[in-house]
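Hello,

Here is the structure I promised to pass on. Please open it first, then read my notes below.

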Amino acid sequence: MKLEIRNLTAGYDQDVILKDFSLSVEEGEFLSLLGPSGCGKSTLLKTIAGIIPARGGSIFLDGQDIAGMPIHKRGTTVLFQDIRLFPHKSVAENVAFPLKMQGVPKEERIKTAEALLEKVQLAGFGSRRPMELSGGQQQRVALARALAAKPKLLLLDEPFSALDENLREDMRSLVLQLKQEFRMTVILVTHDREEALSMSDRIALMFEGALIQTGTPKEVYTRPATRQAADYFGNCVYIRGRAEGGRFTACGIDCAAEAADGEYDIMLRPDCLHTDKEDSYSVTVESVLFRGSDTQVTFRAEDGTLWKKTFVQPVHWNEGDVLQTDLVVKEMILFKAD
Ligand SMILES: Nc1ncnc2c1ncn2[C@@H]1O[C@H](COP(=O)(O)OP(=O)(O)OP(=O)(O)O)[C@@H](O)[C@H]1O
Ligand SMILES: [Mg+2]
């Protein structure tokens with residue numbers, strides 16, 4: 001189902017959280033929604049699902065405006081971090097609950113619930129109470145329940161954040177697999193940048209109720225639209241320099257640049273610093289931090305720029321060593337100096 005949000009406004013009481021918000025998600029697309037705490041991600045999902053009313057604008061699902069529709073008619077399901085299973089119902093009854101609401105006969109409900117429990121690798125757990133399951137198992141019951149309603153659009157609001165790393169990994173693959181199988185469009189809210197970069201077809205980055213950038217994980221990471229967007233993914237190194245007559249020059253850099261004359265900060269990431277190639281960019285080893293599976297080395301360039309690079313192979317440098325390295329600019333990302 002294609003989702004198209006146009007000029008959406010939503011909020012609480014006097015507070016307007018989303019202003020004139022527009023976003024489209026293609027059929028079958030997996031979009032991750034990222035942004036700092038409080039920027040309006042959950043508000044957006046709740047407005048799409050109908051838990052919060054839209055104050056203006058439209059939400060089209062396959063061409064039909066659902067903005068004024070009641071929750072259960074929208075064909076969307078939200079899975080929240082706090083999973084809210086019914087404690088007194090069995091696992092199977094929990095999964096079958098959306099079907100009961102739809103008036104599906106009991107026998108069919110049980111069959112569907114059992115099939116869904118098998119999908120989330122919980123076959124045979126149907127008669128237990130939620131309390132008798134681990135946190136990860138409860139999360140999978142909640143996922144099965146979300147799928148029972150056969151959502152066209154699945155909205156996931158940080159559903160994996162309380163799980164340990166191994167379980168998160170399992171849940172991620174399960175969601176991706178079920179998304180294919182059920183041909184769903186998925187929006188995932190997450191604070192985990194790596195999760196977003198690795199799982200998504202596209203990323204939407206939000207700040208203070210507004211969309212800053214949408215693009216493939218690679219685009220958003222390598223060509224951030226603003227400094228805020230660049231910093232959100234971290235690992236940025238900025239070097240102050242000058243653009244003049246179509247060239248940008250700074251310590252260790254002299255490149256063609258399509259920018260008006262003036263002062264800029266060029267944004268680079270640690271992979272631009274090639275310590276294995278001897279060239280004219282001189283750096284001093286500032287610290288070497290052994291972390292078990294890798295080592296983080298901080299280098300200081302002559303202009304004071306600090307580079308933090310991670311090496312999986314053992315390194316043989318000591319603090320104070322001076323190295324001649326190569327600085328390679330792959331993308332000219334320039335931000336006007338403040
Ligand atoms: N029920 C509510 N009543 C009033 N204000 C609310 C309510 N829920 C959220 N807000 C406010 O709306 C803004 C956006 O909240 P929202 O929950 O959408 O943020 P978020 O991006 O999901 O943040 P987080 O990453 O922390 O979950 C915040 O300023 C928050 O304080
Ligand atoms: Mg939230």
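Which atom of ligand 1 does a polar side-chain atom of Tyr12 lie 3.4 Å from? A nitrogen atom of ligand 1. Keep in mind throughout that this is a predicted model.

The ligand

Lys41 also reaches ligand 1 with its side chain. One of its polar atoms there sits 2.7 Å from an oxygen atom of the ligand. Cys39 uses its backbone instead: a polar atom of that backbone is 3.2 Å from an oxygen atom of ligand 1. On its own, ligand 1 exposes 630 Å². The protein buries 60% of that.

Tyr12, Cys39 and Lys41 are among the residues around the ligand. The list also has Ile17, Glu158 and His191. Pro36, Ser37, Gly38, Gly40, Ser42 and Thr43 complete it.

The two domains

The domain assignment gives domain 1 as 3–229 and domain 2 as 235–336. Their centres, taken over C-alpha atoms, are 39 Å apart.

How many residues are in contact between domain 1 and domain 2? Seven residues of domain 1 touch nine residues of domain 2. Together the domains bury about 720 Å² between them. Carbon and sulfur atoms account for 48% of that area. On the domain 1 side, look at Tyr221, Pro224 and Arg227. These residues supply 71% of the area that domain 1 buries against domain 2, more than any other three residues.

By class, the side of domain 1 that touches domain 2 has three nonpolar, two polar and two charged residues.

Best wishes

Methods
Residues numbered from 1 in each chain as written. Chains lettered and ligands numbered in written order. Predicted model: local features only at pLDDT ≥ 70, side-chain atom pairs only at ≥ 80, totals over all residues. Heavy atoms only, no water. Domains from an automatic or database assignment. Contact = heavy atoms within 4.5 Å. Buried area = accessible area lost by both parts, 1.4 Å probe. Nonpolar A, V, L, I, M, F, W, Y, C, P; charged D, E, K, R; others polar. Near = heavy atom within 4 Å. Polar contact = N/O pair within 3.5 Å; in protein donor to acceptor, adjacent residues only side chain to side chain. Areas by Shrake-Rupley, 256 points an atom, 1.4 Å probe, with all protein chains shown as cover.
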